[in-house]
Amino acid sequence: MNCYLTGIGLAAMVSATLAGGAIAPACSLILWNANDQAVVAARTMDLYIDDQPRLVFLPRGIARRGLSEGDAAEWTSKYASTVLTALDFATSDGMNEAGLSAHLLYLHDAEHEPADQRPGLSNLLWPQFVLDNFSTVAEALEGLKKVRIVSVAAHGREWPLHLSIADAGGDSAVIEFVKGKTVIHHGKDVTVMTNEPPLEEQLTNLKRYKMFGGTLPMPGDIDPMSRFVRASSYLKTLPKPADTAEAIGHLAGVVRNVAVPFGAVDTSGGDSADAWPTRWTSVSDHSHKVYYVMPVNSPNVFWVDFAKLKPEGTDILALMPSEAGLSGEVSAKFKPLGPVSKAFPPTL
């Protein structure tokens, strides 16, 4: 998810938020699956409020329900996952023990499919459903055909969203809801995602720029279309890394170039509502099952190595990324959040 400041005052911001307007999160995602060292993905979380993220390790065997009411999808997690949650009601980002990642981003004007016979799944648990049940993108796309994604209100508003998934083999997909229909972009060439407009329009716009057949120079603004072009351009010119650490470092450099600093103002002249400051960045190393977190309130980087955690554990574990001094591998710093019998995040 990612958002950016559009110059409205605080009172207008609060009013629009309460009215369920276009103020929302706006993020950027970049997958690097062609570097010969590791499949790595990085994303920013840009949001108009502090999303109060928790870093949570979820063992196997957690029973879940996709909606609090009505005909809902039900499942028990097959795979352990490490995730970042938002405001304790959504899984916004994460990776499972098989090396499958899921990244939830904002898509203004997303229009969900009409009700049908399929059981419902909250869009706030959409990433968790993928991480709990599947090991590859192909499996996830097939499994998602059996559920209907439902927009669920939380924190006083609904959140129009789209989802990016990637696996250890470098396969990738973006799933969007456009004019009431599911639109899926699938393949190893699906490597960049921001927010509005839908991905098809982003790809068409990309062709206007140098390096992609056009004549325009790389844009420097913070709006979603500019960030998409910038991420795609830098990804295309990355040199081959010498090792995994260098691959992660190179990609982190690209994602920092599409992050939105606090106080940044969109000068593109567009009407996007998604230009809010970056609050954290994650990097998923699909090949080695390591999940990195880079908060903007700290110069430190910390990570979780799946090899150091027990996927069959009986407790859900968590820590707050805002905790002072976090650096390096932090699995030993996790504290019990609750038993696996009590699902987290909860169903709304």
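How many bridges join strand β16 and strand β17, and in which sense do the two strands pair? Keep that question in mind as we look around this predicted model.

Strand β16 covers residues 290-295, strand β17 covers residues 302-305, and they pair in the antiparallel sense over four bridges. To see this pairing in the structure, find Tyr292, whose bridge partner in β17 is Trp303.

Both strands belong to an open sheet of seven strands, and reading across it gives the order β14-β1-β2-β15-β16-β17-β19. The pairing in this sheet is mixed. At its edges stand β14 (192-193) and β19 (328-329), each of which pairs on one side only.

## The nine-stranded sheet

Now turn to an open sheet of nine strands, with antiparallel pairing. Here the order runs β13-β12-β11-β8-β7-β6-β3-β18-β20. The edges are formed by β13 (181-186) and β20 (335-339); each has a single partner strand, so one side of each is left without a neighbour in the sheet. On average, neighbouring strands of this sheet are turned by 25° against each other, direction ignored.

## A closer look at β11, β12 and β13

Strand β11 spans residues 161-166 and strand β12 spans residues 172-178; four bridges link them in the antiparallel sense. One place to look is Ile165, which has Ala173 in β12 as its bridge partner. A helix joins the picture here: α3 (residues 137-144) packs on the sheet and touches β11, β12 and β13. The direction of α3 makes about 25° with that of β12.

Is β12 mostly covered or mostly uncovered? Six of the seven residues in β12 are buried, leaving the strand mostly covered.

## Two hairpins to find

The hairpin of β12 and β13 has two residues between the strands. There, Lys179 takes a positive phi near 55°.

How values were computed:
Residues numbered from 1 in each chain as written. Predicted model: local features only at pLDDT ≥ 70, side-chain atom pairs only at ≥ 80, totals over all residues. Heavy atoms only, no water. Pairing = 2+ DSSP bridges. Axes fitted to C-alpha atoms, helices over the stretch in contact; angles between N-to-C directions. Contact = heavy atoms within 4.5 Å. Buried < 20%, exposed > 50% of the residue type's maximum accessible area, 1.4 Å probe, protein only.
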